Amino acid sequence: MKSLWFFDDVNLFKMLCPHKFKAYKTNHDFDSYQKKDYIYFQEDSANKVYLIEKGKVKLGYYSEAGDEIVKAILTRGELFGETAILGESKREEFAQSVDNDTSICPVGVETMHNLMRDNQTFSFKIYKFIGFKLKRLERRLQLLMFKDAKTRFLEFLDELCSDYGYDCEKTGDKIIQHPYTQKDIACLIGTSRPTLNIILNELKDENKIEFTRKTIRIYQNTA
């Protein structure tokens, strides 16, 4: 596929009419990555932004001690590498494919700048998105530094509710249908899978949640 058609599936780009980017169709291919392949490394040149067409991508960095710090795990329809738009010259994080057959649409910074110049509303949405993402990252780093694992998970549940949750009409419970594995969630809240399993089972025993592989139900009436 050689187009920016996928912009239509990303909320951020819904303001962009198709005729605005037809001229770029032949210049953009989708790149395929296997599990654990790197899209870019720390210190790589920052000259593109990326859209996820399929699969998941992990963003993170390595501490001086060599520990991996996971900043985010992104899924279909999400944008990353966007700080290149603001003039970042070198990557401050790595981006790594989490799944096999991850499909990514790379978009050159110059192309993005052209699209933003052509559409002020689109440009505003881009900057608003970047600000929101940085704010969310700052909040997550504060949680990692100052909160215990259970509190971090509970606050992460609030984030999942906002992104993937809906109300069950019959019971009023919150239903979250999310794209993450338990390993993903453990990475995002800075804990181990065994610790996460303990937290999940504790909350289940307290009749606060029920969970399956990709669904979490948050009970609203736990008396």
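Trainee: Which residue in S7 does leucine 59 stand opposite?
Mentor: This is a predicted model, and in it strand S4 covers residues 57–62 while strand S7 covers residues 94–97. These two strands pair in the antiparallel sense over four bridges. Within S7, the residue standing opposite leucine 59 is alanine 95.

Trainee: Which strands stand at the edges of the open sheet, each with a single partner strand?
Mentor: The open sheet is formed by four strands with antiparallel pairing, and their order is S2-S7-S4-S5. A strand at an edge has a single partner, so one side of it is left without a neighbour in the sheet. From one strand to the next the twist averages 30 degrees. The edge strands are S2 (38–40) and S5 (68–74).

Trainee: At the start of H3, which residue's backbone nitrogen does a side-chain oxygen of aspartate 148 reach?
Mentor: Helix H3 comprises residues 149–164, and its 16 residues reach 22 Å from the first C-alpha to the last, close to the 22 Å expected at 1.5 Å a residue. At the start of this helix, the side-chain oxygen of aspartate 148 comes to within 3.1 Å of a backbone nitrogen, which belongs to lysine 150.

Definitions and conventions: Residues numbered from 1 in each chain as written. Predicted model: local features only at pLDDT ≥ 70, side-chain atom pairs only at ≥ 80, totals over all residues. Heavy atoms only, no water. Expected span 1.5 Å × (residues − 1). Polar contact = N/O pair within 3.5 Å; in protein donor to acceptor, adjacent residues only side chain to side chain. Pairing = 2+ DSSP bridges. Axes fitted to C-alpha atoms, helices over the stretch in contact; angles between N-to-C directions.
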